[in-house]
Amino acid sequence: MDSICPIGLQCATEISALLSPPSPLQVQVIFSFILCTFLNPFHFTLLLILLTLQKYYHDLLTARGCSGIKVKQDGNFGKGLYADMDFKEGELVLKDPMLVGAQHPLNKIDCLVCSFCFCFIGSIELQIGRRLYMQQLRANESHGCEVGSSSKHCHEMDSSDEEESTQQCTSGSSKTKVPLPEGIVESLMNGQLVLPFSEKFSLPPAVPCPGGCGEAYYCSMSCAEADWGSSHSLLCTGESSDSARREALLKFIKHANETNDIFLLAAKAISSTMLMYRKLKAVSLEEQMKHNTSCVSNHCNLSILLEAWKPISMGHKRRWWDCIALPDDVDSSDEASFRLQIKMLAFESLQLLKTAIFDKECEPLFSLEIYGNIIGMFELNNLDLVVASPVEDYFLYIDDLTYPNKEEAEKITQPVLDALGEEYSIYCEGTAFFPLQSCLNHSCCPNAKAFKREEDKDGQATIIAQRSICKGEEITISYVDEDLTFEERQASLADYGFRCRCSKCIEEEP
């Protein structure tokens, strides 16, 4: 594969530095060694970067307002999250904004959310109108019918094979979807029809992407600017982009949507690293100009790349084709062939991305080894991105009204609910990487869990104490279904590359 992707050979030293930083014990040895001998600039730079590990997490915890937890390095299990105070059962332990995240392409059809924080945007009417419009579109396409021109609020979306998450209304919507009179859907989408009491569930207006791609929308200019600065400026397919780059990006996105949308997350990770590299380099050049020193040298470029890579470096990694679980329909005798196919799939994706956004100064990021490890990091550390729809809250509110308000409101809302059918409320769903959540180690008898409370309306990871947690105790979650048998749990955890030795497993082991 190196002959196919020569960057792996050309940038072997840089790739090794990005993927294989010394363990804390090794860092201590190197630090002692430096006192009595000479380290070359590369090793010295690497040492300085790695010695900031604890500071990185300290700053991250401070920025998130997490005063009750801390990250510690364990000699046996790597990083871990520990309680720095007592937590009661049901108490919030952690809210962790994502480093990178992406909404599943199919889910974009049903949920209009901010492309940065993933809160719902627009209005209750727009959310319902878009769903009904897409519902009509799919029904007409299944019958081979032509569909009229779409409203300006209904953006073209790609699709994937992700299943939709549904909730049922207590008011009991009809199992058979009943079409609305002509013009109602359009009136919902363009704001002409206002549903009763919808003002109690106001949503931030949709702010379009500054690059004009028509795919990304935001809840505010601050989210739009943050996303643009962190990754979207490299991945935007708007008219402001170079035509050749735009065409290459569209091919990459199409390939990801048709194969695995985890490639979209990997592209965001690489783009965010590249943009941070450029910012850090600009600061370095400015400092050098102030002191009339020479331009940034090659080894300093590597140190800047290592610094830009730091947020991604914190996640546990393995190559995707090595850690992906073997599907049930693939025989164990075909495992080698399956993993080679996965490797080639990643290579195809990488080549498309490289054509679109390649930067010579960040060349190591476009090696198959780095790309495979980034995707593997998401495979091993991702947490489902789930945000509850305000549409559900709206219809439940109508259902809880008393006479005569309920009767009057349902004259308008019941036909809409009947048209939506049982799947009237779809959650925003996707995949994301959370830097602190990724530090949580596994236990089959965990003391915490990922759980969205009623007030959690965005894409942040929310970790709740499942039982009382004492100060100094490690905070753990379960990576698998805790109700599985010992053998089933161990088989599932083998995909993560370890054998669980928690108290439950030790007690149940035959």
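**Entry 1: a charge over a ring.** I began with K449, whose charged end sits over the ring of F451, 5.1 Å from the ring centre. For this I counted NZ of Lys or CZ of Arg within 6 Å of the ring centre and within 35 degrees of the ring normal. I also found K354 over the face of F358, at 5.3 Å from the ring centre.

**Entry 2: ground rules.** I am working with a predicted model, where local features need pLDDT of at least 70 and side-chain atom pairs count only at pLDDT 80 or more, while totals for chains, interfaces and linings use all residues. Residues are numbered from 1 along each chain as its sequence is written, and side-chain values use heavy atoms, with hydrogens and water left out.

**Entry 3: a sheet.** Next I looked up how the strands pair. My helices (H or I, at least four residues) and strands (E, at least two) are DSSP runs numbered from the N terminus, and two strands pair if DSSP finds at least two bridges between them. I found an open sheet of three strands in the order β3-β13-β12, with antiparallel pairing. Its edge strands are β3 (92-96) and β12 (448-450), each pairing on one side only. Neighbouring strands here are turned by 20° against each other on average, direction ignored. That angle is taken between axes, which are lines fitted to C-alpha atoms (for helices over the stretch in contact), and angles run from 0 to 180 degrees between N-to-C directions. Three bridges join β12 to β13 (residues 461-465). I also looked up A450: its bridge partner in β13 is I463.

**Entry 4: ring pairs.** How many aromatic pairs does the structure hold? I noted 10. Rings of Phe, Tyr and Trp (its six-membered ring) pair if their centres lie within 6.5 Å; planes under 30 degrees apart count as stacked, over 60 as edge-to-face, and the rest as tilted. F263 and Y371 have ring centres 6.2 Å apart and planes at 15°, so I wrote them down as stacked. This pair links distant parts of the chain, with F263 in helix α11 (residues 262-290) and Y371 in helix α15 (residues 368-381), 108 residues apart. Are they buried or exposed? F263 is buried, at a relative accessible area of 0%, and Y371 is buried at 0% too. My cut-offs were under 20% relative accessible area for buried, over 50% for exposed, and partly exposed in between (1.4 Å probe, protein chains only).

F378 and F433 came next: their ring centres are 6.1 Å apart and their planes at 75°, so this pair is edge-to-face. F378 lies in helix α15 and F433 in strand β10 (residues 428-433), so the pair ties together parts 55 residues apart in sequence. Both of these residues are buried. I also traced a cluster in which ring pairs link F197, F201, Y394, F395, Y397 and Y424.

Entry 5: I located F197 in the loop between α8 (184-190) and β6 (207-208), and it is partly exposed at 23% relative accessible area. F118 also has a positive phi, about 70°, without being a glycine. F118 sits in the loop between α6 (105-110) and α7 (124-142) and is buried, with 3% relative accessible area. Which kind of peptide bond runs from Y403 to P404? I found a cis one, with omega near 5°. P404 is in the loop between α16 (390-400) and α17 (405-420).

**Entry 6: salt bridges.** I searched the whole structure and got 21 salt bridges, each a side-chain nitrogen of Lys or Arg within 4 Å of a carboxyl oxygen of Asp or Glu. One of them joins E247 and K251, with the closest N and O atoms 3.8 Å apart. These two residues are four apart in helix α10 (residues 243-259), so about one helical turn separates them. Another joins E363 and K360 at 3.0 Å, N to O. Here E363 is buried at 10% relative accessible area, whereas K360 counts as exposed at 56%.

K457 forms a salt bridge with D393, the closest N and O atoms being 3.1 Å apart. This pair links distant parts of the chain, 64 residues apart: K457 in the loop between β12 and β13, D393 in helix α16.
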